[in-house]
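Let's take a walk through a protein model, one piece at a time. Keep the picture open beside you as you read.

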Amino acid sequence: MNYFDIAQIAVKAIDSKRGEDIEVIKVSDITVLTDYFVIATANSNTQLKAIADEVEYKLSEAGYEPHHVEGEKSDWVCLDYTGVVVHILHKQMRDFYKIERLWEDGEKVDIDNLIVKE
């Protein structure tokens, strides 16, 4: 299983549902929790659910099932694919928690080639 492939599929799925401020952080050198965090912002609860559903659908299509899903009816959904943890947060939650700061020692992955420019 290539965890970077999972992260790429997740980014494309998030982008297809117009998720914002998408970040991928490689943390395998600084923690044993996971290899990559994918973090994205949704502007409404409806969009948040649509993004989470699309990530699950696209990864399932590629043969990857989540180990655990948390927060399906909240402002923060966490999809755990063991080597990749996808966080989708409502804008206010992302602004409040700023979870990417917790992992600022990780390596930010360039995802410009994965995101459709308007």
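Which residue in E5 is the bridge partner of Asp80? In E5, that partner is Val85. Before going on, note that this is a predicted model, where local features need pLDDT of at least 70 and side-chain atom pairs count only at pLDDT 80 or more, while totals for chains, interfaces and linings use all residues. Residues are numbered from 1 along each chain as its sequence is written, and side-chain values use heavy atoms, with hydrogens and water left out.

Let's stay with the strands. Helices (H or I, at least four residues) and strands (E, at least two) are DSSP runs, numbered from the N terminus. Two strands pair if DSSP finds at least two bridges between them. E4 and E5 run antiparallel and are joined by five bridges. Their hairpin has three residues between the strands, and there Thr82 takes a positive phi near 65 degrees. E5 also pairs with E2, this time in the parallel sense, over seven bridges. Here Val84 in E5 is the bridge partner of Tyr36.

Now for helix H2, residues 45–61. Its 17 residues reach 24 Å from first C-alpha to last, close to the 24 Å expected at 1.5 Å a residue; the expected span is 1.5 Å times one less than the number of residues. The buried residues in H2 are Gln47, Leu48, Ile51, Ala52, Glu54, Val55 and Leu59. Seen down the axis, they fall within an arc of 160 degrees, so they line one face of the helix. (The arc is that of the directions from the helix axis to the C-beta atoms.) These buried residues pack against H1, E2, E4 (76–80) and E5 (84–90), where contact means heavy atoms within 4.5 Å. The face turned away from the buried side carries exposed Thr46 and Glu61. Just after H2, Gly63 takes a positive phi of about 95 degrees.

Next, the aromatic rings. Rings of Phe, Tyr and Trp (its six-membered ring) pair if their centres lie within 6.5 Å; planes under 30 degrees apart count as stacked, over 60 as edge-to-face and the rest as tilted. The count by this rule is four aromatic pairs. In one of them, the ring centres of Phe4 and Tyr36 are 5.7 Å apart with planes at 45 degrees, so the pair is tilted. Phe4 sits in helix H1 (residues 3–16) and Tyr36 in strand E2 (residues 36–42), so the pair ties together parts that are 32 residues apart in sequence. Phe4 is partly exposed, at 27% relative accessibility, whereas Tyr36 is buried, at 10%. Phe96 and Tyr97 form an edge-to-face pair, 4.8 Å centre to centre with 90 degrees between the planes. Phe96 is exposed, with a relative accessible area of 65%, and Tyr97 is partly exposed at 40%. Ring pairs link Trp76, Phe96 and Tyr97 into a cluster.

Notes: Buried means under 20% relative accessible area, exposed over 50%, partly exposed in between (1.4 Å probe, protein chains only).
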